[in-house]
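Subject: Handing over a structure

Hello,

Here is the structure I promised to pass on to you.

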Amino acid sequence: MVFDERLSLAAGMLQRFSWERAETSATNARIELGGRITIDDAAALWKRISETLSQVEGLQGVEVELSQVTLIDGACMALLVQFRTDLRERKVRCEFVAGSPEVRRIVDLYGGRGKIRHARAKRRPVSAIAQVGGATLNVLAEIEQGLDFLGRLVASTLDVLRHPKSLNLRDVGLTIERAGADAAPIVLLINFLIGFVMAYQSAGQLEQFGASIYVADLVGVSMTRELGPLMTAIVICGRSGAAFAAELGTMKVSEEVDALRTLGFLPLPFLVIPRMLGLVLLAPILVLMADAVGIVGGALVASLRLDITPTSFLIQLQSAVKTSDIVSGLIKGSVFCAAIALISCQQGLATTGGAEGVGRRTTSAVVTILFTLILLDALFTVVLGVFGL
Amino acid sequence: MKSMVSVRGLSIGYGKTTLLRDASFEVERGDIFVILGGSGCGKSTLLRHLIGLEAPISGEISIAGIGTPRLEGAAPRFGVMFQSGALFSSMTVGENVAFALQEWTHLPEEAVAAIVRAKLTLVGLSDAEGKLPAELSGGMRKRAAIARAMAFEPNLIFLDEPSAGLDPVSAAELDELILALNRNLGLTVVMVTHELESIFKVGKHCIMLDRDTRSIIARGDPQQLRKQSDDERVRRFFNRETSVPQWQ
């Protein structure tokens, strides 16, 4: 079949079967169908059905005559059955008559004797207020689940502290390796570029005021207090947060979490706490590395664009960056990582409904983590500001 | 002799849906007890309640020597095989079987390895110890799951749809394995299934659940129920009769 013909068929422009309408009386009509009617002809058939449905005013009965049909497939038969249902809903009688034994078999199989109801399920419109209410209840339920999870996690953590041997050390190591060692190159590259870009963007401005040397202050303080921990957390969210949610979600839907429970292992101490501990332990290391490479990126721009020697940059950096800047960044990074582990594991363990559920929960985990990171960052800024740090 | 599993006035469900109301039954020691019924009648949900994964709406479940089943940080007291096998996909078959033994016993590594080999030989999987679950066929995965469930020498094992989705030969092999474990070790088996061949081959006693009445509609020996039940729903189930008229 040439492309043009296929296109015309798909658009319902080309009709290869016959559809003849005859008025048998003032209130009755007969439609004589003929030829081969297959899925390729469905668009044209549907077009004729729609046309006919719009012209049934005053009719009481329609006969669909099938004796000239040489072949009809299930898809087209389904359309004819829907046509009959729509007519009956408008109080117009409709019957399929005649047809070869082969055609009658298809007619019977698809409810031609009227055994199967093909009435379309009517969807009742939901008002805007009900939609807002429903969405609010969903959010509240999610928050409740989150708080419940947090409470159980605290209780489990206390249990693990009382019985440290019960900790699944294997997963702590695995998490540090996968989320730490494997993530290090991308964390380093991103933070180097952030430091580089920040210095580059500000170089022109600072030069105008003869304040080029302050590029060290800008890059140093921004990286250690803000961007080092935040960018590192965003990378960990994308890599490990999504991985945790998908891994635990898949374990949940494939009954592996249930199997763990039947073997005496509780999911929180066995699956969640090791991942959280792994991330919290590696956060300070990654953040320190991020700070360092970000500053190196800034120093490179300072040296190339502003003619500031690395030594001058370093001396200025020492006077600009305080220990509290670095420490607050490290604390931030650890809290961010704890939040990433907590949210991703909670979302993973709340998964239901197969592969689609895993995808939905993974997306939800990443979005919730990003929102929470920004919220926590704002909180840190306010709290540290209050304490003058 | 006290029953192995005793269920009194049990009502189960999820959300606002009740699946089973006020059900009572006993599973004797050494029995192969089959929970059967059509799709959606709550067989698997009942099993999840029996093993303590879900809490009932009301009623009491008691397992001999344990009481109410609770899954807390302790060595497993009974074995469970899930419908898909639910082997840990990141571990080899051997590691799956060894997993709980390493956690809950102080056995040296060599002793654990010996037990793992013995359990895998028991289920006919001695060659699969180093394989990952993804490398196994459906039947092998289920047998590996039985080996894992048997690791702690339980005297009670729960099986969820053991022969579902298996070819006839694998399903028959699994039935033989269940019979052998029951006969030779005196293992009490509680299984959920709707595979008729399996039910008649291994089942000693059964209860049949019904979705519409949310109750147990038949209990007894499956062979006798097939021949003698007065209930049309039970007869239809055991004789594979349809309730809708034939079109062809």
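Below is what I found in it, starting with a word on how to read it.

This is a predicted model, in which local features need pLDDT of at least 70 and side-chain atom pairs count only at pLDDT 80 or more, while totals for chains, interfaces and linings use all residues. Residues are numbered from 1 along each chain as its sequence is written, and chains are lettered from A and ligands numbered from 1 in the order in which they are written.

Let me begin with the overall form of chain A. Its C-alpha atoms occupy a box of roughly 100 × 60 × 45 Å along the principal axes. The radius of gyration of chain A is 34 Å, whereas a compact globule of 389 residues would come out near 21 Å (taken over C-alpha atoms, with a globule rule of 2.2 Å times the number of residues to the power 0.38). The domain assignment, which is automatic or from a database, divides chain A into domain 1 (3-109) and domain 2 (138-386). The C-alpha centres of these two domains of chain A are 62 Å apart. Of the 389 residues of chain A, 37% are buried, meaning that 20 or more other C-beta atoms, placed from the backbone, lie within 10 Å of the residue's own.

Next, the secondary structure. Chain A has 13 helices and four strands; these are DSSP runs numbered from the N terminus, with at least four residues of H or I for a helix and at least two of E for a strand. The four strands make an open, mixed sheet in the order β1-β2-β3-β4 (chain A), where pairing requires at least two DSSP bridges between two strands. β1 (18-23) and β4 (93-97) of chain A are the edge strands with a single partner each, so one side of each has no neighbour in the sheet. In chain A, β3 (residues 61-72) runs parallel to β4(A), paired over five bridges. Gly61(A) sits opposite Arg93(A) of β4(A).

Finally, the meeting of the two chains. Here 13 residues of chain A are in contact with 16 residues of chain B (C-beta atoms, placed from the backbone, within 7 Å). On the chain A side, α4 (101-109) and α9 (256-262) each supply at least two residues, and α9(A) gives the largest share, with five residues.

I hope you enjoy exploring it.

Best wishes

Notes. Two residues are in contact if their C-beta atoms, placed from the backbone, lie within 7 Å. A residue is buried if 20 or more other C-beta atoms lie within 10 Å of its own, exposed if 12 or fewer, and partly exposed in between; C-beta atoms are placed from the backbone.
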